[in-house]
Amino acid sequence: MNGRLSGEDCVDTDNDGIPDAIDVDDDNDGIPDVDEGDGAVDTDNDGVPDSLDLDSDNDGINDVIEGGDGDLDTNGDGVIDSNDSGYTDANGDGQADDSVDNDEEPDTDGDGIPDYQDLDSDDDGINDVVEGGNSDEDGDGQVDNPSEDTDGDGIADSVDGLDGHGDANSPDNDTDPTDPNSGGNGIVDDSGIDSDGDGISDSVDGLDGFGDAIDEDTCVKVNNLMSPNGDSANNYLHIDCIENFPSNTIEIFNRWGNTVYRAKGYNNSSIVFRGISEGRANINVGDKLPVGTYFYILDLGNGSKVKKGWIYINR
């Protein structure tokens, strides 16, 4: 050993002056890393481990609140640090002196899933994302576009200030996600039966894994923007949870009504639209379609109403 620190040893996620390697709370959300899994757990599957994720379940309610320390985050940025009134860390371990020191983190409904990992913390059938006043258009229990996180702090862009680690995020808390009678009608009938462990009881859950659509096809969302320019971002047309509907058909048209793409069983992997023409009408096979707006018709093949909309190709 030469005594020199590696780059990994010098990483300081929360910028508190204490490297993650010796910081007991790497993201300053008030929940010790040992409780969050020390980098081995990623509840919402967004690529940011819970120990570095300020919203571990992507329900739009920051972990500092669901972990019981919301009153210490006086500026509402999702972290407890020197920017908050009354902050102290006398022993320099990276965790605020006054943060709740629990053997277990708050678990309002007693289902074994702490609130910061639970999409319905009080089991009232109304997901936390809704009770927290945030938008959830596809009804999957998570904020809109949960995987879009420009600054990598675990807070989705749709509810984030985008300024870096720990951004202002003060949702209009319409109801209390820890009170089953606030916003809901009390505990749901099968409270405690949660086959996929996402905190949403089976009777109101799609049972497909963490963050499921309440209604069968509400999870389907066509991402309107494509940029097939050779990099790894948005290089094909992504349709959320289309894999659940293997009998789907999709047809894409240009503004003159010419079909440029048609497929059955679109699946975001082997069958995808990459902005390449299939040679319908006057467009040659293999041509890269020009920048512009295109239109789609999507039939899920399950008897539901056909979905129509637009996509924009940028290169």
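**Reading an aromatic cluster and an open sheet**

Ring pairs link Tyr261, Tyr266 and Phe273 into a cluster.

User: Before we read the rings, what kind of model is this?

Analyst: This is a predicted model, in which local features need pLDDT of at least 70 and side-chain atom pairs count only at pLDDT 80 or more, while totals for chains, interfaces and linings use all residues. Residues are numbered from 1 along each chain as its sequence is written, and side-chain values use heavy atoms, with hydrogens and water left out.

User: How is a pair of aromatic rings described, and how many aromatic pairs are there by the rule used here?

Analyst: In general, the description rests on the distance of the centres and the angle of the planes. Rings of Phe, Tyr and Trp (its six-membered ring) pair if their centres lie within 6.5 Å, and planes under 30 degrees apart count as stacked, over 60 as edge-to-face and the rest as tilted. The count comes to 2 aromatic pairs by this rule. For Tyr261 and Tyr266 the ring centres are 6.3 Å apart and the planes stand at 85°, so this pair is edge-to-face. For Tyr261 and Phe273 the centres are 5.0 Å apart and the planes stand at 45°, so this pair is tilted.

User: Is Tyr266 buried or exposed?

Analyst: Buried means under 20% relative accessible area, exposed over 50%, and partly exposed in between (1.4 Å probe, protein chains only). Tyr266 has a relative accessible area of 1% and is therefore buried; Tyr261, at 6%, also counts as buried, and so does Phe273.

User: In which order do the strands of the open sheet lie?

Analyst: Helices (H or I, at least four residues) and strands (E, at least two) are DSSP runs, numbered from the N terminus, and two strands pair if DSSP finds at least two bridges between them. Here 5 strands form an open sheet in the order β2-β7-β6-β4-β5, with mixed pairing. The edge strands, each pairing on one side only, are β2 (225-226) and β5 (259-264).

User: Which residue of β7 is the bridge partner of Tyr296?

Analyst: That partner is Gly309, and β6 and β7 (residues 307-313) pair in the antiparallel sense over 7 bridges. Strand β4 (residues 249-253) pairs with β6 (residues 292-299), also in the antiparallel sense, over 5 bridges; there Ile252 stands opposite Tyr296, and Leu298 is the bridge partner of Ile250.
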